[in-house]
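Please consider the protein model shown below.

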Amino acid sequence: MKQSYPIFPKTPTGIEGLDEITGGGFPKGRPTLICGSAGSGKTVLAIQFLIKGITGSNEPGVFMSFEESTNDLIQNVRSLGFDLERSIAQKKLKIDYVRVDRSEIQETGEYDLEGLFIRLNHAIDSIGAKRVVLDTIESLFSGLNNTAILRSEIRRLFQWLRQKGVTTLITGERGETTLTRQGLEEYVSDCVILLDFRVIEQIATRRLRIVKYRGSTHGTNEYPFLIDETGVSVLPITSLKLTHTTSTEIISTGLPDLNKLFHLGGYYRGNCTLVTGSAGTAKTILAAYFALGTCRRKEKVLYFSFEESPDQFVRNMESVGINLKPYIRSKLLLIHSSRPSLHGLEMHLLALQKYIREFKPDTVIIDPISSLVTIGSKGEVRAMLARLMDMLKMHQISSLFTSLWQEKLIFGDAMAEDAVSSLVDTWVKVRNEERNNSLIRSLYIEKSRGMGHTSEIRDFIITDKGIKILGANLLMKQGQNGSGKADVLSENGSNYKS
C-alpha cells in the first residue's frame with residue numbers, strides 16, 4: 001500500500017500557467033523571491049498575485065513600495081485591467097509607499113528595520129492581509145554599505161515575515177554574478193523565481209524559471225511568459241503529456257472530392273493535418289476549404305496567416321468560389337494575421353494559446369508554418385510545434401498546417417516539413433509538374449494514421465468554382481479478403497490496394 005504524505009500548503013497565484021508549474025502556487029505563509037533585470041515584469045507579476053488573491057480567493061493584500069508612489073502605481077497597472085482604487089475602497093488592498101532617500105540615511109552600528117516592521121505590521125492587521133508584496137528590496141538597503149548589518153537585517157526581515165504567517169513576494173534586481181545584488185535573499189527565500197527578458201536577433205522573449213522551491217517538486221525548465229492587456233500568462237510547456245483522448249468522429253475536409261480519397265470520408269476530429277507543397281500548389285485553398293467545412297457545421301475556426309492580411313485572404317478565396325465573409329460576420333471565423341518576426345517562437349505559441357482560450361475554436365489553421373523557420377532553427381520550430389499540437393489535442397481541437405516545400409533548398413526538404421511531418425496524423429502533399437509544356441497540379445496522401453486511404457496520385461484543377469480532383473469518383477468499400485485493407489474500385493472497374 002502506497003504511503004500518503006500531507007500536501008505541502010500553497011497559496012494559488014491565480015496566474016495562467018504559473019500554478020501548474022509551481023504545483024499549486026507559492027509556499028503558503030513563507031517568502032518568495034522574484035528576481036530579474038529592469039523591465040522583466042517583477043512588479044506586474046506581484047500586483048497580479050495580490051489582485052487574484054482578492055478577486056479569486058478573498059484574501060486581502062498589502063503592497064509596500066519603495067520606488068513608485070501610490071498614484072503612479074495605480075496609473076501604471078490600470079492599462080492591464082487592474083482596478084487598484086476599487087480594491088482599496090473595499091479595504092481589500094492597502095498600498096504603502098515608503099520613500100527611501102540615500103542622502104538622508106546615516107549608517108550606524110545600531111541600524112535596524114524595527115520601524116519598517118511596525119509599519120508593515122499595522123498595514124497587515126488593518127485589513128487582515130494574507131498576501132504581502134515588498135517592491136523592491138534593493139531600495140530598502142540602498143544606503144547601506146556595511147555587509148554584516150545588511151545581511152543580518154535581511155535575515156531578520158525574512159524570519160519576521162515567516163512568523164507573521166503571510167504569503168510574501170519580495171522583488172529584487174538581478175546581480176552581476178548572483179541572482180540578486182546582495183546574493184543573500186536567494187538563500188533565505190523558500191521559493192526563488194527568475195524572470196528574464198532577452199533579445200536574440202532582434203526578437204524579444206520573456207522567460208521564467210523556478211530556481212528553487214523548498215519542500216515541493218516543480219517545473220525546472222525555462223517557461224515563456226507574456227505580458228499583455230490582461231497581465232501575465234505563463235505557458236507550462238513541459239507539463240504537456242501524451243494523455244489526451246481521441247475521437248472516432250469523422251469531419252469533412254471541406255472538399256467533397258478530397259473526402260473520397262479517405263476510407264472513412266474525411267479526417268478524424270482532433271487530428272493534426274499537414275499540407276505541404278511548393279509555391280502555387282493550392283495549399284492555402286485546401287486550408288480555406290477546411291475552414292469552410294468547419295464553419296458550415298456551425299463550428300468556430302481560428303485562422304492564423306503569416307503571409308496575407310485578412311482582407312487579402314478573403315478576396316483571394318472568393319476568386320475560387322470560397323465565400324468566407326458570412327462566417328466572419330457571424331463570428332464563426334476569426335482570421336489573425338501577423339508577420340513571424342513580430343514575436344519569437346514561444347511568444348507566437350503564447351499568443352495562440354490566448355486566442356484559443358478566448359475564442360474557443362473547434363478548428364485551428366496555421367498558414368504557413370514554414371514562415372516560422374525565419375525566426376528559429378529546425379529544432380526550435382519542431383519543439384514549438386510539438387507543444388502546439390499537444391495543446392490542441394488536449395482540447396480536442398482539429399488543426400491543419402500548411403508548409404512551403406522548396407525543391408531548390410540546399411537542405412533538401414523544407415525545414416518546417418522535416419520538423420513536423422512525423423508528428424502530424426495526416427499528411428497531404430501537393431505539387432506542380434511540367435507535362436507536355438503545361439504545369440499540372442497533383443496531390444496524394446502521404447499518410448493518415450488509423451485510416452485507410454488511396455495511394456494514387458491525383459491530378460486536380462482550380463477553377464472559379466473551386467478545386468476539382470480528377471478521377472476522384474471512387475467507391476471505397478471494406479475488403480472481404482480478411483486483411484483489413486480497403487479495396488478501391490476506380491472508374492474503369494479495376495481494383496488496387498490502398
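Q: Is arginine 449 buried, partly exposed or exposed?

A: Buried means under 20% relative accessible area, exposed over 50%, and partly exposed in between (1.4 Å probe, protein chains only). Arginine 449 has 39% relative accessibility and therefore counts as partly exposed.

Q: What average pLDDT does the protein chain have?

A: pLDDT is the predictor's confidence in each residue, from 0 to 100. The protein chain has an average of 81, and 79% of the residues score at least 70.

Q: Where does pLDDT stay under 50?

A: Where pLDDT is low, the predicted coordinates should not be read in detail. One such stretch, with pLDDT under 50, is residues 104–109, for which the model has 10 contacts (heavy atoms within 4.5 Å) beyond four places in sequence. Another is residues 408–413, with five contacts beyond four places in sequence.

Q: How many salt bridges does the model have?

A: A salt bridge is a side-chain nitrogen of Lys or Arg within 4 Å of a carboxyl oxygen of Asp or Glu. By this rule, the count is 23.

Q: Which residue forms a salt bridge with glutamate 173?

A: The partner is lysine 42, and the closest N and O atoms are 3.7 Å apart. Helices (H or I, at least four residues) and strands (E, at least two) are DSSP runs, numbered from the N terminus. Glutamate 173 belongs to strand E7 (residues 167–173) and lysine 42 to helix H2 (residues 42–57), so the pair links distant parts of the chain, 131 residues apart. Glutamate 173 counts as buried at 14% relative accessibility, and lysine 42 counts as buried at 6%.

Q: Which residue meets arginine 449 in a salt bridge?

A: The side chain of aspartate 425 meets that of arginine 449 at 3.6 Å, N to O. Arginine 449 lies in the loop between strand E20 (438–448) and strand E21 (458–463), and aspartate 425 in the loop between helix H15 (415–420) and strand E19 (426–435), so the pair ties together parts that are 24 residues apart in sequence. Aspartate 425 counts as buried, at 7% relative accessibility.

How values were computed:
Residues numbered from 1 in each chain as written. Predicted model: local features only at pLDDT ≥ 70, side-chain atom pairs only at ≥ 80, totals over all residues. Heavy atoms only, no water.
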